[in-house]
Amino acid sequence: MAKSGGGHLSFESPQERTARRLPRAHVLGAFQVTWAQLFDAPLLDGCKTPIFVLGEHAGAKAELLALIRTLPFEPVDAGGLRQARTVAAMYFLVTRLARQYGFLEHGHDWRTSVRALNTLLPPALGLAPRLTAWRPAGSRG
């Protein structure tokens with residue numbers, strides 16, 4: 001994935017494409033990197049799992065953030081729709097690494113991959129790293 005001059009990935013996200021095709025719609029993005037297993041067990045290390053919310057329309061985004069707060073998840077305002085590129089790229093990177101190191105195989109805890117994503121993604125989006133820190137098994141911190 002090539003980078004464009006503005007530091008953003010050069011492909012168009014599905015959210016951006018939808019907003020371009022429906023210019024009067026208030027397009028939002030959320031839950032696109034939420035692993036299915038988290039819907040059955042949304043707490044991770046005793047903390048709500050972050051849900052990254054993207055959108056250009058402040059009012060629509062505020063409504064979605066408020067709705068997610070009523071669920072057992074922690075909404076995070078991750079910026080505009082262009083940030084969906086970073087969210088998708090980080091998800092694919094963490095998933096590839098999880099497969100490479102066997103975290104997605106039977107008997108391994110898939111939460112390790114989710115912890116890594118939750119730790120790496122906020123700084124990549126320019127957000128403060130206020131989420132649960134991920135540490136490899138056996139490390140101290």
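Predicted model: local features only at pLDDT ≥ 70, side-chain atom pairs only at ≥ 80, totals over all residues.

Reader: OK. What does the secondary structure of the protein come to?

Author: The protein has five helices and four strands. Helices (H or I, at least four residues) and strands (E, at least two) are DSSP runs, numbered from the N terminus. Along the sequence the pattern reads α-β-α-β-β-α-β-α-α.

Reader: And how many of the residues count as buried, in percent?

Author: Of the 141 residues, 38% count as buried. Buried means under 20% relative accessible area, exposed means over 50%, and partly exposed is in between (1.4 Å probe, protein chains only).

Reader: What about the accessible surface?

Author: The accessible surface comes to about 8,300 Å², and 56% of that belongs to carbon and sulfur atoms. Such areas come from the Shrake-Rupley method with a 1.4 Å probe; for residues, only the protein chains shown count as cover.

Reader: Which residues touch the most other members in the largest nonpolar core?

Author: That core has 15 residues, and Phe52, Leu54, Val87, Leu117, Leu121 and Leu125 touch the most other members. A nonpolar core is a set of buried Ala, Val, Leu, Ile, Met, Phe, Trp, Tyr and Cys residues joined through side-chain atoms within 4.5 Å.

Reader: Where do its residues come from?

Author: β3 (47-55), α4 (84-100) and α5 (111-124) each supply at least two residues of this core. The largest share, four residues, comes from α4.

Reader: Pick one member. What does Val87 touch?

Author: Val87 touches Gln32, Val33, Leu54, Leu121 and Leu125, leaving aside residues up to four places away in sequence. A contact means heavy atoms within 4.5 Å. Apart from this core lies another, of ten residues, among them Leu38, Leu64, Leu65 and Ile68.

Reader: New topic. How many cavities of 30 Å³ or more are there?

Author: The count is one, and the largest cavity has a volume of about 80 Å³. On a 1 Å grid over the protein atoms alone, a cavity is a set of points where a 1.4 Å probe fits but cannot get out, and lining residues have an atom within 4 Å of a point. Grid points are joined across faces, edges and corners, and a volume is the space filled by probe spheres set on the points.

Reader: What lines the largest cavity?

Author: There are 14 lining residues, of which Val33, Thr34, Pro50, Ile51 and Phe52 lie nearest its centre. β3 and α5 are the elements that give two or more residues to the lining, and β3 gives the most, with four residues.

Reader: How do the lining residues divide into nonpolar, polar and charged?

Author: The lining has ten nonpolar residues, four polar and no charged. Ala, Val, Leu, Ile, Met, Phe, Trp, Tyr, Cys and Pro count as nonpolar, Asp, Glu, Lys and Arg as charged, and the others, Gly among them, as polar.

Reader: Is Ser13 buried or exposed?

Author: Ser13 is buried, with a relative accessible area of 1%. Ser13 is found in the segment before α1 (14-21) and touches Leu81, Ala84 and Arg85, not counting residues up to four places away in sequence.

Reader: What is the phi of Phe31?

Author: Phe31 is not a glycine, yet has a positive phi of about 65 degrees. Most residues other than glycine have a negative phi. Phe31 is found in the loop between β1 (28-29) and α2 (37-40).

Reader: Last one: where does Val76 lie?

Author: Val76 lies in strand β4 (residues 73-77) and counts as buried, at 4% relative accessibility. Val76 and Leu65 are eleven residues apart in sequence and 7.6 Å apart in space, C-alpha to C-alpha.

Definitions and conventions
Residues numbered from 1 in each chain as written. Heavy atoms only, no water. 1 Å grid on protein atoms, 1.4 Å probe; cavity = no way out; pocket = protein on both sides within 12 Å on 5 of 7 lines; lining within 4 Å.
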